[in-house]
Amino acid sequence: MDDDLLGMVQIFVLGPGRVASATGSLNPFVVGILVVAGVVILGVTIGLLVHFLAFGQKSYLYQSDLQITNVEYTSQLDSPTSSEYRALSRTIENLMNETFKASNLARQFRRAHVVRIRPGDQGVIATVLLKFQFKRNTNGASRKSRIEQILSQLHNNAGTMTIDVSSGNVQPIPPETVQDILIRECGSSPELMTLSYERIIAGTEARAGDWPWQASLQLNNAHHCGAVLISNTWLLTAAHCFRSVSDPRQWSVTFGYILSSPEKRVNVRSIIIHPNYIAGTHENDIALVELNGGVTFTRNIHRICLPQANQDIPVGASAYVTGWGSLQPGGSGVNVLRQGEVQIISTDDCNAPESYNGAVTSGMICAGKPGGGTDACQGDSGGPLAMADSRQIWSVWGIVSWGYECGLPNKPGVYTYVPYYRDWITQQTGL
Ligand code: 4AZ
């Protein structure tokens, strides 16, 4: 043993020793240690690289069409925000979760997400995205056939649903394609686009792409109000934003979370102010802005969903208000988009004598923090009060409208209640 070791050391010392003597200044022993260290580092690096490339985990995405023959397609399923669409998507996603969790791909399966429901020859066809994490050294064809095999078992084992999975319909898709699919759908959050749950809404400064539907409504190129993108040509905002100027030629809309460097600026073609807007009482404080040419949706610019007409909002639910408004009444606005979490407050509580004493009408909804604090303020007007459903799809439930100062206890923000105006929005835009 000892002899062997000695021999090894001698070989290393002897080799570079000649180099050392050639330069005349390096101690052969030091050079030997350096060489040994170099070889060890190189070995470890190569080892790690081989291990990572061969055994490291990588995300793989697949798309599959499931034919559900015993669910009838109804017009309710046209809208991804209808309770029917949500319930069916949830049922399918839960079934996928249970199926893969009970399969030999339990450890590799990450998430299922229904992106589309359309009428089939028989029943409905649901397009599902599936995310897995496989070791890099697994074979692509074998991954696909393992998934197909598990899905084919659904035929006999899909709870209340009768599912037909035609063979060969599991397709691997690149992450960019998943993004392109989700960007076209309304209300896709950044965490959805990677089919992960990894969103942390922390602090109050937003990051790029966090609120892709948020726009800045600008009067002569200066931020005046918030607005929210509901299609590639229409935005929702507050009527009171146009109290002084309603000529579309003086208005433009910018997208991107940093005001000073917008990702896009688009001119305004038309402005539709609710005909019954009353400045004194803030009633019907809602307006539509039509863009001069549609925007192309990107990861950082795309539309939010609209809630159903007269859909109820649960009191106490958590919602987010976003905007470039001031941090206190009379203050100046900010350059980087901010976000605040608020809770929905019942209209009865909001109309209490110590609160707004009856000024909150059925086209309004209140939201704030129990003791005050987080709130919308001047410059946030027209921006969204957004809420995510259990599938992490966001809808605009409110539009920042009014309130007594900002963040005071018993004086929450008052928002235009979008479900109350849903039919008006359809009449005006066809959405
Ligand atoms: C405003 O002046 C304003 N705290 C907007 C919202 C609120 C207060 C004022 C709500 O545009």
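Which residues form one aromatic cluster? The cluster consists of Tyr60, Tyr62, Phe100, Phe109, Phe132 and Phe134. The model is predicted, so local features need pLDDT of at least 70 and side-chain atom pairs count only at pLDDT 80 or more, while totals for chains, interfaces and linings use all residues. Residues are numbered from 1 along each chain as its sequence is written, and side-chain values use heavy atoms, with hydrogens and water left out.

**View A. Tyr62 and Phe132 form an edge-to-face aromatic pair.** Their ring centres are 5.9 Å apart and the planes stand at 80°. Rings of Phe, Tyr and Trp (its six-membered ring) pair if their centres lie within 6.5 Å; planes under 30 degrees apart count as stacked, over 60 as edge-to-face and the rest as tilted. Tyr62 belongs to strand β1 (residues 57–68) and Phe132 to strand β3 (residues 124–135), 70 residues apart. Strands (E, at least two residues) are DSSP runs, numbered from the N terminus. Tyr62 counts as buried because its relative accessibility is 2%, and Phe132 counts as buried at 0%. Buried means under 20% relative accessible area, exposed over 50%, partly exposed in between (1.4 Å probe, protein chains only).

**View B. Phe100 and Phe109 form a stacked pair.** The pair is stacked because the planes lie at 10°, with the ring centres 5.0 Å apart. Both residues are buried.

**View C. Charged side chains sit over the rings of Tyr60 and Tyr356.** Arg143 lies over the face of Tyr60, 3.7 Å from the ring centre. The charged end of Lys411 is placed over Tyr356, at 5.8 Å from the centre of that ring. The criterion is NZ of Lys or CZ of Arg within 6 Å of the ring centre and within 35 degrees of the ring normal.

**View D. Asp389 occupies the loop between β15 (384–388) and β16 (394–402).** Asp389 counts as buried because its relative accessibility is 17%. Its side chain makes a polar contact with the side chain of Arg86 at 2.5 Å. Such a contact is a pair of N or O atoms within 3.5 Å; within protein, one must be able to donate a hydrogen and the other to accept it, and residues adjacent in sequence count only if both atoms are side-chain atoms. The C-alpha atoms of Asp389 and Thr81 are separated by 9.3 Å, although these residues are 308 apart along the chain.

How values were computed:
Helices (H or I, at least four residues) and strands (E, at least two) are DSSP runs, numbered from the N terminus.
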